[in-house]
Amino acid sequence: MRLARYEDKATNQGNYLGMAWQFLNPAFQVGTYYLVFGLGLRSQGNPEAHVPYIVWMLFGLSTWFFMNGTFMAGVSSITSKVAMVSKMKFPISILPTVRYVSDLTSFWAMLGISIVAMLVSGVPITLHILQFFYYFIAMTALMFSFGILNSTVNVLIPDYKMLMSSVMRLLFWTSGAIWNVDRLNGNHMQQVIAGIIKLNPFYYIVDGMRDSFLSQAWFWSSDRLQYTIMFWLFVMFIALLGSHLHMKFRARFIDLI
């Protein structure tokens, strides 16, 4: 947590608005996506539950921005700190989680704005909000597992960060952050594509956050249970693989970099 606070201050100390940019950057992006998809293409959020698109989108984007930033920072978390870890005895294993803790500030702020927009729009708070804690734990487990794996692989393969940057741009459009995947319910091919998209672990978290606040479903319901099981199997696989590689090459990180 001390490292995260230091990173925040070091990153923003040269800006007049300082820490405010942690909120302004995502706010500008949210406004852009709403203008394009909400007003331009007239996308819909959850018309059955009478949830306005802007509210539906806010919960998706606030979650996606947090995961995307944490994911990409985790990839270079070790290589970017080589000067520090090479000069002192330092617990390298904590580096992938520093950005996660740092970005929590902006995540809570974006989530708070989303809740205010939800209440202003007349969407009530129900018992489904209790499962937010479950999805927050699931998101933490996913980001921690990816952080350990990605930071290690990036040391071994220098091109890995560029690859992940391209992959995350693709995953953004399949995360359900700005368009409703459930609307792909036409022909058989569309249903197959929707089923594949729902296997995306980032989609599971984004959709789960909406389930929590917009009262759509419980994570153990019949149409969610199979994705819950597959999500945790995927997280366990990534965590075990990442931990194995990290422990195997940790002593050689400085030489490899």
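What percentage of the 257 residues of the chain count as buried? In this predicted model, 46% of them count as buried. The chain holds 11 helices and zero strands, and its elements, read from the N terminus on, run α-α-α-α-α-α-α-α-α-α-α.

**The chain as a whole**

- The accessible surface of the chain comes to about 13600 Å², and 67% of that surface belongs to carbon and sulfur atoms.

**The largest nonpolar core**

- The largest nonpolar core has 60 residues, and of these Met139, Phe202 and Ile205 touch the most other members.
- At least two residues of this core are supplied by each of helix 3 (53-75), helix 5 (95-120), helix 6 (132-156), helix 7 (160-173), helix 9 (201-214) and helix 10 (222-249).
- Helix 3, with 14 residues, gives the most to this core.
- In soluble globular proteins, nonpolar side chains tend to be buried together.
- When its neighbours within four places in sequence are left aside, isoleucine 205 is in contact with Thr63, Met67, Tyr135, Ala138, Met139, Leu142 and Phe231.

**Helix 3 against helix 5**

- Helix 3 and helix 5 pack with their axes 9 Å apart and at an angle of about 175°. Because angles over 145 degrees count as roughly antiparallel, helix 3 is roughly antiparallel to helix 5.
- On the side of helix 3, the residues that meet helix 5 are Val55, Leu58, Phe59, Ser62, Thr63, Phe66, Gly69, Thr70 and Ala73. On the side of helix 5, their counterparts are Arg99, Tyr100, Asp103, Leu104, Phe107, Met110, Leu111, Ser114, Ile115, Ala117 and Met118.
- Sorted by kind, the residues of the contact of helix 3 with helix 5 divide into 13 nonpolar, five polar and two charged.

- Lysine 248 has its place in helix 10, and because exposed means over 50% relative accessible area, its 53% relative accessibility makes lysine 248 count as exposed. Although lysine 248 and threonine 152 are 96 residues apart in sequence, they are 9.7 Å apart in space, C-alpha to C-alpha.
- Methionine 247 is also found in helix 10, and at 52% relative accessibility it counts as exposed. From methionine 247 to serine 93 there are 154 residues in sequence, whereas in space the two are 9.0 Å apart, C-alpha to C-alpha.

- Arginine 224 lies in helix 10, and with a relative accessible area of 14% it is buried, since buried means under 20%.
- Not counting residues up to four places away in sequence, arginine 224 touches Asp207, Asp211, Gln216, Ala217, Trp218 and Phe219.

**Two partly exposed residues**

- Threonine 126 has its place in the loop between helix 5 and helix 6, and with a relative accessible area of 27% it is partly exposed. In sequence threonine 126 is 86 residues apart from serine 212, while in space the two are 8.5 Å apart, C-alpha to C-alpha.
- Arginine 5 lies in helix 1 (residues 2-12), and at 46% relative accessibility it counts as partly exposed. Arginine 5 and valine 98 are 93 residues apart in sequence, and C-alpha to C-alpha they are 9.1 Å apart in space.

Technical notes. Residues are numbered from 1 along each chain as its sequence is written. This is a predicted model: local features need pLDDT of at least 70, side-chain atom pairs count only at pLDDT 80 or more; totals for chains, interfaces and linings use all residues. Side-chain values use heavy atoms; hydrogens and water are left out. A nonpolar core is a set of buried Ala, Val, Leu, Ile, Met, Phe, Trp, Tyr and Cys residues joined through side-chain atoms within 4.5 Å. Buried means under 20% relative accessible area, exposed over 50%, partly exposed in between (1.4 Å probe, protein chains only). Helices (H or I, at least four residues) and strands (E, at least two) are DSSP runs, numbered from the N terminus. Contact means heavy atoms within 4.5 Å. Accessible areas come from the Shrake-Rupley method with a 1.4 Å probe; for residues, only the protein chains shown count as cover. Axes are lines fitted to C-alpha atoms, for helices over the stretch in contact, and angles run from 0 to 180 degrees between N-to-C directions. Angles under 35 degrees count as roughly parallel, over 145 as roughly antiparallel, 65 to 115 as roughly perpendicular and the rest as oblique. Ala, Val, Leu, Ile, Met, Phe, Trp, Tyr, Cys and Pro count as nonpolar, Asp, Glu, Lys and Arg as charged, and the others, Gly among them, as polar.
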